[in-house]
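Visitor: Could you take me through one part of this model up close? I'd like to hear about the charged side chains and who pairs with whom.

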Amino acid sequence: MNTHRQAAITVGVLYIIGTVTGILSLTVTQSTLSDPDYLSTIAANPDQIVLGTLLWLTMGFALALVPVLLYPLLKKHNEVLALGYVVFRGALEPVAYILMAASRLLLILVSQQSLAAGASAAASFQSLGAFVLASHNALNPLLIITFSLDALMLYTMFYQSRLIPRWVSIWGFVAILLHLSTAFLILFRLVASDDMNTLMTINFPIFLQEMVMAVWLILRGFDAAVMAATSVPVRSNDLLASPAR
């Protein structure tokens, strides 16, 4: 199996891991974080937040590996976008994941301290918990914007290069723009950050598209004709030896 075929399979697997762990993370933690009495709930079930955070980080690190694997191939088609993709998905996006994970773990500490302090200090810890949770929620639109921008770079390169069918790239363009819209809906308070029904409906196309693309990469890999054309460099001696016309 050649290197590019292995890379395609690995990227497909990483997309599946990232999507599945991300959905599981939201399933595990969202009901707790949206609970009006979230500090008491977290104090009673800290392992639930820890599990959700580990799943969250698994998603972030799995997706951060994708540009590392694709860069050697994508730079042959568009080096600027390939480098931008590495910076956004490989560097900036993981920072947002780590900050959101840290804020979740900090909520465990705040909830435990609130429980130990008793009713006399409850108001102070409620304010601190509200600040941490607000910071966590404020990072979400920034993560959506970063993710959307790096996805647009990827689908632009896939569309230009034809490494995968163009209909998959076009589907990615439309779906990621819908996903990007959720950041502005949250920022302008048109949709609440914990309104999972609305957000999941808008984001379903990108979840489905990524799974279709992942399965395609695993089963079919990159287009053989494009790979062959990319892998065979044109040497200057060949050009000099070719007959004049």
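**A charged trio**

Guide: Asp150 makes a salt bridge with Arg89, their closest N and O atoms being 3.2 Å apart. Salt bridge here means a side-chain nitrogen of Lys or Arg within 4 Å of a carboxyl oxygen of Asp or Glu. Asp150 sits in helix H5 (residues 122–161) and Arg89 in helix H4, so this pair ties together parts 61 residues apart in sequence. The helices are DSSP runs (H or I, at least four residues), numbered from the N terminus.

Before going on, a word on the source: this is a predicted model, where local features need pLDDT of at least 70 and side-chain atom pairs count only at pLDDT 80 or more, while totals for chains, interfaces and linings use all residues. Residues are numbered from 1 along each chain as its sequence is written, and side-chain values use heavy atoms, with hydrogens and water left out.

Back to Arg89: it also forms a salt bridge with Glu93, and there the closest N and O atoms are 3.6 Å apart. Both Glu93 and Arg89 belong to helix H4 (residues 79–117), 4 residues apart, or about one turn of the helix. An α-helix has 3.6 residues a turn, so residues three or four places apart point the same way.

Through shared partners, salt bridges join Arg89, Glu93 and Asp150 into one network.

Key:
Helix = DSSP H or I, 4+ residues; strand = E, 2+ residues; numbered from the N terminus.
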